[in-house]
Amino acid sequence: MDSSVRGVKECRTSLNLLDVKMNKVLEQIIVAGSRREIEGLLGEFRKTFTSVDDQLEALHVLGLRSSNPREKDTCATEVDERRKQFKSLSQEITVAAGQRLSIIAKEDRDELMSGGLNSAPGTRGLVKQQDIVKTSSQVTETLHRMSRNIARNVDQSGEAIKSLVSSSETLTKATDEFQSMSSIIQQGGRLIDKYDRRAFTDKVLITLAFAFFFLVCFYIVNKRLFNGFNWFAFFIEFFFPSQDEPLLIVKGTSSGQTNALRKEL
């Protein structure tokens with residue numbers, strides 16, 4: 001997110017610098033004194049316009065990659081407005097170059113037609129005075145356009161700053177919400193662990209209670225029906241009979257009674 005915002009800011013700064021550079025080229029074309037100078041300025045203008053296209057394309061791509069819908073719309077609108085602005089400025093530079101070239105051609109033609117006559121200096125002075133007046137009016141007009149462009153750039157910068165402020169507030173709110181959700185999730189995890197431990201403890205207690213209940217029932221049934229019969233000793237004697245002497249498996253019985261019980265079994 002930070003890299004995207006930084007890239008948009010760099011593109012806007014580069015576009016502002018290119019705008020100033022193109023206006024400077026326009027001023028130089030208006031006061032240029034030769035065809036060669038105008039051609040050099042037009043070559044510089046073409047390079048600058050190519051850089052403008054690259055920066056507008058980069059700004060458009062950064063706007064598409066932005067995850068903030070408002071920032072995406074702002075970048076798209078800004079790209080369209082700046083394209084119109086630079087297109088208008090390009091047309092102004094082309095028109096100014098054509099007008100200046102025609103003025104220079106007219107001056108050269110007037111100088112050739114004067115032929116060095118005595119009346120020529122006065123005529124050339126009048127033509128030059130008219131050209132100066134025309135050039136001054138063009139420069140004034142260009143300055144007005146530059147002031148309008150600067151005011152438009154200031155408005156766009158203000159809108160961009162407002163957009164950045166709103167984006168910052170949105171990010172701050174989202175960060176606070178994520179932090180609160182993180183704390184809630186941590187508390188929920190601790191509660192789940194606590195309930196898991198309680199469930200395991202309840203299972204163990206239920207198992208022990210069931211075992212105790214079963215033993216008590218078995219003890220009561222054995223006491224009432226079998227008169228306290230020793231089942232443990234009976235199973236030991238049954239599965240592992242002793243060769244020495246018989247094992248008394250019932251309390252109070254003699255060895256003869258035990259042998260008789262064994263024979264019956």
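A disulfide is a pair of cysteine sulfur atoms within 2.5 Å. The views below show a predicted model.

**View 1. Cysteines of the protein chain.** By the 2.5 Å rule, the count of disulfides comes to zero. Cys 75 takes part in no disulfide, and the nearest cysteine sulfur, which belongs to Cys 11, lies 8.7 Å away. Cys 75 counts as buried because its relative accessible area is 1%, and buried means under 20%. Cys 217 has a relative accessibility of 30% and so counts as partly exposed, the class between 20% and 50%.

View 2. Phe 239 counts as exposed because its relative accessible area is 55%, and exposed means over 50%.

**View 3. Helices of the protein chain.** The secondary structure consists of six helices and zero strands. Read from the N terminus, the order of elements is α-α-α-α-α-α.

**View 4. Surface and contacts of the protein chain.** The protein chain has 265 residues, and 25% of them count as buried. Of the contacts between residues at least 6 apart in sequence, 73% join residues at least 24 apart.

Key
Residues numbered from 1 in each chain as written. Predicted model: local features only at pLDDT ≥ 70, side-chain atom pairs only at ≥ 80, totals over all residues. Heavy atoms only, no water. Helix = DSSP H or I, 4+ residues; strand = E, 2+ residues; numbered from the N terminus. Buried < 20%, exposed > 50% of the residue type's maximum accessible area, 1.4 Å probe, protein only. Contact = heavy atoms within 4.5 Å.
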